[in-house]
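Subject: Structure handover

Hello,

Here is the structure for your files. Please open it alongside this note. The findings follow directly below.

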Amino acid sequence: MKALSPLDTLALLVVLALWSGNFVATKIGLNGIDVLFFCGWRFLIAGICGLPFLRMPGKNLSYLLIISLVLGTIHFAFLMYGIRGAGAGASTIVYQLNVLFGVILGILLFGEQFSYLRFTCILLAIAGLTVTLWQKAEFSVSLALVSVVIAAFIFAYAQIMVKKVKGMPGFTINTWVNLLAAPQMFLLSYIFEGNQWVAIAQIPLNSILALLYTSALSGVFAYGFWYYLLQKYPVGTVLPMTLIVPLNGVLLSVFLLGEVLTPELAFGGAMILLSVVGIYMHDQIKTLHFGRRPRK
């Protein structure tokens, strides 16, 4: 596995730090702005901030439009609805299933190694997800967290799409995705949420500051560095390092938002995170393959 250089390690730490506060900032922002309208502004502000990195897309334009629809519009719509309903702490844990989905997609689409360890991690993640989603008091499943699960799968699939973009820096990809996704979100907001522009002056200040954080800092710098790392290194090298994000995110949600870490969330979340650690370790140690014995 290709090791991160010192500068790229620093870039990854910046990404993780910004993403750690992103779920909390999003939860704060959504308290004063409707979901789709919030997303539209997030993409627009991020796109404007990224204009210095903009380059002509050439033959990549049609593919970037598809990525903006998948990674931008669809992914963020599910994610934001989930965060608003489930809370920042629960969402940031469940969202780490994108690592598991990435492994499954790698096995199904690219014939990557299917080992005992990976199989165990998949079962552990499924068990943890079941514990996390199940609401005993209501005898039902949290639909908000299901929305986050769907967003995690879309994010994992979109990473494969991003890696196929050739000859374009990460910040440029990110800018195009933001600029192309913004009008899509504003259109959906007008259709499903009504004319939000008439109430724009009534948006509270904390929601505006949260929007600036998620769009400029997380949306431009974090995603720009992320796309750069994703193109330079294997997905298995950088993706599992996002494990630090849910840990910090849960702590921030408890101390800043007063959210409660329930036993079900703590236990189920620990199982999910443990499965992610196991998947990361899979690329570090020698594993046994189904139907094969290790060579002596």
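D8 touches Y228, L229, K232 and Y233, leaving out residues up to four places away in sequence. Contact here means heavy atoms within 4.5 Å. D8 sits in helix α1 (residues 6–20). Helices (H or I, at least four residues) and strands (E, at least two) are DSSP runs, numbered from the N terminus. The side chains of D8 and Y228 are joined by a polar contact of 2.8 Å. A polar contact is a pair of N or O atoms within 3.5 Å; within protein, one must be able to donate a hydrogen and the other to accept it, and residues adjacent in sequence count only if both atoms are side-chain atoms. D8 is buried, at 4% relative accessible area. Buried means under 20% relative accessible area, exposed over 50%, and partly exposed in between (1.4 Å probe, protein chains only).

Some ground rules. This is a predicted model: local features need pLDDT of at least 70, side-chain atom pairs count only at pLDDT 80 or more, and totals for chains, interfaces and linings use all residues. Residues are numbered from 1 along each chain as its sequence is written, and side-chain values use heavy atoms, with hydrogens and water left out.

Overall picture

The protein has 13 helices and two strands. Of its 296 residues, 51% are buried. Take the contacts between residues at least 6 apart in sequence: 90% of them join residues at least 24 apart.

Helix α9

Helix α9 covers residues 170–193, which makes 24 residues. At 1.5 Å a residue it should span 34 Å, and its end C-alpha atoms are 32 Å apart, which agrees. The expected span is 1.5 Å times one less than the number of residues. There is a kink of about 25° at A181 in α9, shortly before the proline P183. The bend at a residue is the angle between axes fitted to the seven residues ending there and the seven starting there. α9 is mostly covered, with 17 of its 24 residues buried. G194 follows α9 and has a positive phi, near 85°.

Q196 lies in the loop between α9 and α10 (205–232). Q196 is buried, at 16% relative accessible area. A polar atom of its side chain lies 2.6 Å from the backbone oxygen of E193. Setting aside neighbours within four places in sequence, Q196 is in contact with D34, F37 and S189.

Helix α3

The 15 residues of α3 should span 21 Å at 1.5 Å a residue; the end C-alpha atoms are 21 Å apart, which agrees. α3 is also mostly covered: eleven of its 15 residues are buried. Among them are V35, L36, F38, G40 and R42. The cover over the buried residues of α3 includes α2 (22–30), α4 (61–86), α9 and α10.

Aromatic pairs

How many aromatic pairs does a search of the whole structure find? The count is 13. Rings of Phe, Tyr and Trp (its six-membered ring) pair if their centres lie within 6.5 Å; planes under 30 degrees apart count as stacked, over 60 as edge-to-face and the rest as tilted. F37 and F186 form an edge-to-face pair, 5.9 Å centre to centre with 65° between the planes. F37 lies in helix α3 (residues 35–49) and F186 in helix α9, so this pair ties together parts that are 149 residues apart in sequence. F37 is buried at 2% relative accessible area. F186 counts as buried too, at 16%.

W41 and F186 also pair: their ring centres are 5.9 Å apart and their planes are at 85°, so the pair is edge-to-face. This pair links distant parts of the chain, with W41 in helix α3 and F186 in helix α9, 145 residues apart. W41 is partly exposed, at 21% relative accessible area. F37, W41, F186 and W197 form one aromatic cluster.

Cysteines

A disulfide is a covalent bond between the sulfur atoms of two cysteines. The criterion used is a pair of cysteine sulfur atoms within 2.5 Å. A search of the whole structure finds zero disulfides. C39 is buried, with a relative accessible area of 0%. C49 is partly exposed, at 36%.

Best regards
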